[in-house]
Structure formats: structure tokens, C-alpha cells
Amino acid sequence: MAKIAFIGLGNMGGPMAKNLVAAGHDVTGFDLFADARLHFAQGGGRAAETLEAAVIGAEVVVTMLPAGRHVADVVAGEAGVLSFAAPGTLLIDCSTIDVATSREVAEKAAQKGVAMIDAPVSGGVTGAAAGTLTFMVGGPDEAFTRARPLLEVMGKTIVHTGAAGAGQAAKVCNNMILGISMIAVSEAFNLADALGLDRQKLFDVSSTASGQCWALTSYCPVPGPVPTSPANRDYQPGFTAAMMLKDLNLARDAAETTGTAVPLGGAAQAVYEAFCAAGGDATDFSGVIRHLRGEGGS
Ligand code: NAD
């Protein structure tokens, strides 16, 4: 069983760390927020009062933090993970961050003898709790092989997508598809309404025809056709519009850096930005259908 430090015990990190504890690993968790530490401790984990206390002696450090600047600071900043981790430690960053920061941090870690993989996830809070996340993993083969048994505790599908940063690249490309396709499906249902076409009939056709996609068949943005979708619970998240906007901003930045044309990715970013600005940031991202109808944010 591995001695693990888990940094970032929020909506995702909390349940992921709990699954590692349940699998018998020796997990010490740390979060800036006392409530997150308390919640982890109440769930059977051991919480540390400082980052240093969590990291010293750990064989593996897992981070699950909001954005690139947090990861850069927590891992490579002053009094960060790399100040306390022994050479040979494995670092698994599960946060969704920009490719450039991920590669920079991996490089700094390697200089200290710490192997890092970027392992962002798909599957949301439900997947984190159930241990059914999908991991997209970038980094050296050896580090991936070491990390795999731990990722299998927290997830169901684990794909080694390439060298450092390739996990983040896969995540940003996937979520750009999702952001665009949710808008496409929403526009189609709004047009169907205007044309007097029954929503269920559109679903019955498109879910088995060339319009088929995950946003339609698993996460349908109108109530009815897919009973588990957030549309059936007034667009309670799920995956918030703010998170979708974060990922589309990452896609836009990556496209700019690489000189890639992403006209629909850019348009989707603008739609979610407007939706969030109208108050929809805490709403499920599929609530964009109401925004497109001119019904505002939340
Ligand atoms: P969250 O805000 O609930 O959790 C992040 C935690 O990090 C917070 O508890 C915060 O206190 C802690 N933190 C911030 N700075 C810290 C520091 N310096 N030291 C220690 N702890 C610190 O966010 P989340 O929903 O758990 O998301 C985490 C990551 O997972 C994000 O990158 C997000 O994009 C990604 N993600 C989230 C979802 C989702 O559905 N929530 C799905 C896929 C990916």
C-alpha cells in the first residue's frame, strides 16, 4: 500500500482521496480550507495542518487544484511540494490546467528527481465518488506504470495519451467538442420548438441518426428524453457553466498559442462567457439552452 499525500480536498479531490483511503492506502490530505480538511477527516482520512506535514515521507503526491497558477504555486512555488518531496517521489496532477504550465511544472519536478504525470479527469463529482472517472494521462511510461494502480482505484478508464502535457491536451480537446456539441443540440431543440416539432420525436430521430452525440443521448438539455440529465432537475449541476467556460478558455489559449483555427470553439467560448455573465455560472452547462432562448442565466 502506498503512502500518499493528497493536496486539494474539494468537490473532486475529497471523494477521490476517500476512495484511496477505502482501498487501504495510507493517505494524508491537505487543503487550504479547514472545512475541507475536516470533511476528509470525518470521512475516515487523516488531515494534515500544513502542506509540508502531508508531503514529507510520502511516496506519491496527488494534486487536485482549481487552475494552473495553483498547481505551479503548490508544486513548484516557495515551500511547495518540490521543497519537501524526496527524489523518487511520484507526482500525479489531476487538476485541469493549461498544457504549458503542466509541462513547466513537470520539468521542474524532473530536475528534483520527482516524476510527474498530468492526469486530468472526466466524469465529474459523481464519477469521483463512484471511482469511475476517466483519466487522460501524459508523462513518461515508467511514471504512468507506477501511477496506474492508484488511478484504477479512482477511475474506470485510464488512457496514456502521450508525453508530459498530453493528458491536458486530450482534456481540452474533448471538452471543446462537448462545449460546441451542447450548443448545437440546444439550438436544434430550440428550432424544433419553434417549428412545432415534438422534442421526443426529435430525440427519437437524432439519437439514432447522424446528429447522435453524447450531449444529446446522455445529457439531453431538455427534460424528458434522458431522465438522468440535469434538464430534469432545473439544471442543477452536474458540471457548471463556469467550469465549461474555464475549459473553453484553456482551449482558446491553446489554439492561440499553436495558431490553430477553432472558429466554433471560439464561438462556444463567447456563448458560455455571456451565459456566465448573465448569472448562469453556477447552473449546469446544459442550461445554456435557456440562455440561447433569451431566458437569461440561472
Ligand atoms: P474545488 O474548488 O471544489 O476544489 C479545489 C480545492 O483546492 C479547494 O478545496 C481549495 O481549497 C483547494 N486549494 C486551492 N489552493 C490550494 C492550496 N494552495 N493548497 C491546498 N489546497 C488548495 O474544485 P473541484 O471541483 O474539486 O475541481 C478541481 C479540479 O478538477 C479543477 O481543475 C477542475 O477543473 C477539475 N474538474 C472538475 C470537475 C467537476 O465536475 N467538479 C470535473 C472534471 C475536472
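**Reading the ligand site**

Tutor: An oxygen atom of the ligand sits 3.0 Å from a polar backbone atom of Thr-96. This counts as a polar contact, a pair of N or O atoms within 3.5 Å. The model is predicted, so local features need pLDDT of at least 70 and side-chain atom pairs pLDDT 80 or more, while totals for chains, interfaces and linings use all residues. Residues are numbered from 1 along each chain as its sequence is written, and side-chain values use heavy atoms, with hydrogens and water left out.

Student: Which other residues have polar atoms by a ligand oxygen?

Tutor: Asp-31 places a polar side-chain atom 2.6 Å from an oxygen atom of the ligand. For Met-12, a polar backbone atom is 2.8 Å from a ligand oxygen.

Student: How many residues surround the ligand?

Tutor: A residue is near a molecule if one of its heavy atoms lies within 4 Å of it. Here 24 residues surround the ligand, and Asn-11, Met-12, Asp-31, Leu-65 and Lys-246 are the closest.

Student: Which classes make up this shell?

Tutor: The shell has 13 nonpolar, 8 polar and 3 charged residues. Asp, Glu, Lys and Arg count as charged; Ala, Val, Leu, Ile, Met, Phe, Trp, Tyr, Cys and Pro as nonpolar; the others, Gly among them, as polar.

Terms used
Polar contact = N/O pair within 3.5 Å; in protein donor to acceptor, adjacent residues only side chain to side chain.
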